[in-house]
Amino acid sequence: SVNTEITAELIAAGKVAHELDREHVFHSWQAQGPFDPMTIIKTEGSWVWDGEGNKLLDLSSQLVNTNIGHQHPKVVAAIQAQAATICTIAPQHVNDARSEAAKLIAELTPGNLNKIFFTNGGADANEHAIRMARVHTGKHKVLAAYRSYHGGTHLAVNVTGDPRRVASDNATDGVVHFFPAYLYRSYFNSTTEAEETQRALRHLEDTIILEGPSSIGALVLESIPGSAGIYVPPTGYMEGVRELTSKYGIILIADEVMAGFGRAGQWFAVNHWNITPDLLTFAKGVNSGYVPLGGVAISEEIFETFLQRPYPGGLTYSGHPLACAAAVATIKAMQEERMVENSARLGAEIIGPALTELKAKHPSVGDVRGTGCFWAVELVTNQETREPMAPYGGSSPAMAAVTGALKKAGMLPFVNFNRIHVVPPLNISDADLRTGLAMLDEALSVADGFVTD
Ligand code: PLP
């Protein structure tokens with residue numbers, strides 16, 4: 001709880017938990033042998049405490065879900081109150097927490113996405129969105145971008161365009177990947193945003209034509225790709241994707257699992273452009289991950305497909321009362337405390353300018369990009385050649401040294417391949433954020449030591 005003191009007992013309990021973990025817990029995405037997970041014995045706001053009682057600034061927002069920080073008292077109280085009334089109820093019944101969460105989410109989504117199907121997380125939200133698109137269109141094939149992540153279940157990981165798919169079962173299941181717009185490492189030799197937008201859209205249209213529009217049911221795209229590198233699409237790209245999908249009768253699914261709920265300085269990242277997807281998937285920030293929850297916001301047209309025809313899918317915990325009560329309290333707290341506006345301000349006034357300065361100062365920084373509380377710092381061994389400081393899909397002694405320096409400085413960082421993501425809670429204090437950016441500055445000096453001519 002918020003008032004937990006760090007005591008010798010708490011540290012001792014953490015050590016027992018660590019031993020039990022190593023004996024019995026099987027962890028995500030890891031070789032289990034060499035893995036030595038960090039114990040967390042307390043969390044509060046933007047801070048966590050490790051097993052030794054050290055206080056670390058959580059600039060990772062865990063897996064980028066704690067948008068309101070840890071242990072927000074209003075959300076903790078709402079979960080407790082819901083637990084005291086109805087902990088669980090089957091999805092076919094009406095429940096007030098579920099109804100209110102659906103209303104609040106529908107009101108926040110762009111356009112006519114007025115119906116909400118609840119899932120347990122982001123992967124199953126994408127699985128269900130694709131199923132809805134396939135049934136609605138009668139077309140099976142799915143287009144998705146390289147350098148993307150859409151979840152760890154069978155279809156979601158096959159839609160994913162990063163090494164996690166390749167390491168997983170790597171079936172195709174009707175999924176075809178295309179190259180997204182990504183100016184810093186342009187697949188199209190573009191040198192300007194305008195060129196990148198035009199060439200990436202041309203490539204996408206060619207892919208659609210060559211794959212056959214009559215066979216493509218859906219295109220899944222993160223509005224701003226998250227763990228794949230926070231590369232914000234250039235001006236005009238998302239509008240172009242919307243136009244092409246409408247032109248060829250393809251359902252556009254915007255994956256807002258990481259970018260949504262204020263992370264990118266808007267309630268949803270698609271709000272940065274004047275477009276409405278046909279389906280929008282969410283999870284993580286909807287209730288900051290305090291209780292697992294995800295979902296699909298559904299357009300009127302797709303909803304009508306299922307007016308008389310049963311939807312072929314469901315989950316025991318769809319619209320779980322504890323998760324929905326947490327979502328209601330989270331959204332209200334975000335509105336009352338103006339967290340989305342704060343996210344935009346922190347990006348524009350603190351993070352963006354600070355990262356621009358770090359790029360000018362450190363030869364190891366190749367690119368900085370982002371918006372709101374959603375930023376990536378891409379490290380290179382040479383700014384001219386843009387050689388990544390770790391290979392795509394891997395790590396390197398240089399990145400390990402930088403990560404070590406960040407932790408030593410007192411930060412819990414989000415590091416992926418050759419990137420450090422600056423992804424704090426949206427309500428982090430300005431002072432804490434500046435402290436974190438100073439830690440980053442310090443650690444980048446370590447990275448500079450790995451720069452070559
Ligand atoms: N989509 C995106 C963009 C994500 O970042 C993630 C998780 O990192 C997912 C989907 C999968 O969500 P979950 O882990 O809740 O299944």
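User: Which residues touch the most other members in the largest nonpolar core?
Analyst: In this predicted model, the residues that touch the most other members of the largest nonpolar core are I253, L279 and A326. That core holds 127 residues.

User: Which helix gives the largest share of this core?
Analyst: Helix α11, residues 321–336, supplies the largest share, with 10 residues.

User: What is L279 in contact with, leaving aside its neighbours within four places in sequence?
Analyst: Apart from those neighbours, L279 is in contact with A129, M132, A133, I251, I253, V296, A297, I298, S299 and I302.

User: Back to the domains. How many Å apart are the C-alpha centres of domain 1 and domain 2?
Analyst: The C-alpha centres of the two domains are 25 Å apart.

User: How many residues of domain 1 are in contact with domain 2?
Analyst: On the domain 1 side, 28 residues are in contact with 28 residues of domain 2. At least two residues of that side of domain 1 come from each of α2 (61–64), α12 (339–361), β11 (365–371), β12 (374–382) and β16 (419–422). The largest share, 5 residues, is supplied by α12.

User: How do the residues on that side of domain 1 divide into nonpolar, polar and charged?
Analyst: On the side of domain 1 that touches domain 2, there are 10 nonpolar, 13 polar and 5 charged residues.

User: You mentioned β12. How many of its residues are buried?
Analyst: Strand β12 is mostly covered, with 8 of its 9 residues buried.

User: Which sense does the pairing of β11 and β12 take, parallel or antiparallel?
Analyst: β11 and β12 pair in the antiparallel sense, over 6 bridges. Within this pairing, V365 has L379 in β12 as its bridge partner. The two strands form a hairpin with 2 residues between them, and G372 in the turn has a positive phi of about 60°.

User: How many bridges are there between β12 and strand β13?
Analyst: There are 2 bridges between β12 and strand β13 (residues 387–388), and the pairing is antiparallel.

User: What about β12 and β16, how many bridges do they pair over?
Analyst: β12 and β16 pair over 4 bridges in the antiparallel sense. A376 has H421 in β16 as its bridge partner.

User: Is H421 buried or exposed?
Analyst: H421 is buried, because 22 other C-beta atoms lie within 10 Å and the cut-off for a buried residue is 20 or more.

User: What is H421 in contact with, leaving aside its neighbours within four places in sequence?
Analyst: Those neighbours aside, H421 is in contact with I230, W375, A376, F414 and N416. By contrast, the C-alpha atoms of H421 and V135 are separated by 37 Å, and these residues are 286 residues apart along the chain.

User: Changing topic: in what order do the 4 strands of the open sheet come?
Analyst: The order is β1-β2-β3-β14, and the pairing is mixed. The edge strands, β1 (40–44) and β14 (411–412), each pair on one side only.

User: How do β1 and β2 run, parallel or antiparallel?
Analyst: β1 and strand β2 (residues 47–50) run antiparallel and are joined by 4 bridges. K42 has W49 in β2 as its bridge partner.

User: And over how many bridges do β2 and β3 pair?
Analyst: β2 and strand β3 (residues 55–58) pair over 3 bridges in the antiparallel sense, and V48 has L56 in β3 as its bridge partner. They form a hairpin with 4 residues between them, where G53 in the turn has a positive phi of about 90°.

User: In which sense do β3 and β14 pair?
Analyst: β3 and β14 pair in the parallel sense over 2 bridges. The bridge partner of D58 in β14 is L412.

User: Last topic: how many residues surround the ligand?
Analyst: The ligand is surrounded by 16 residues, of which the closest are G121, G122, A123, G151 and V257. Helix α5 (residues 122–137) gives the most to this shell, with 3 residues. By class, the shell has 6 nonpolar, 8 polar and 2 charged residues.

Conventions
Residues numbered from 1 in each chain as written. Predicted model: local features only at pLDDT ≥ 70, side-chain atom pairs only at ≥ 80, totals over all residues. Near = placed C-beta within 6 Å. Nonpolar A, V, L, I, M, F, W, Y, C, P; charged D, E, K, R; others polar. Pairing = 2+ DSSP bridges. Domains from an automatic or database assignment. Contact = placed C-beta atoms within 7 Å. Core = buried A, V, L, I, M, F, W, Y, C linked by C-beta atoms within 7 Å. Buried ≥ 20, exposed ≤ 12 C-beta atoms within 10 Å, placed from the backbone.
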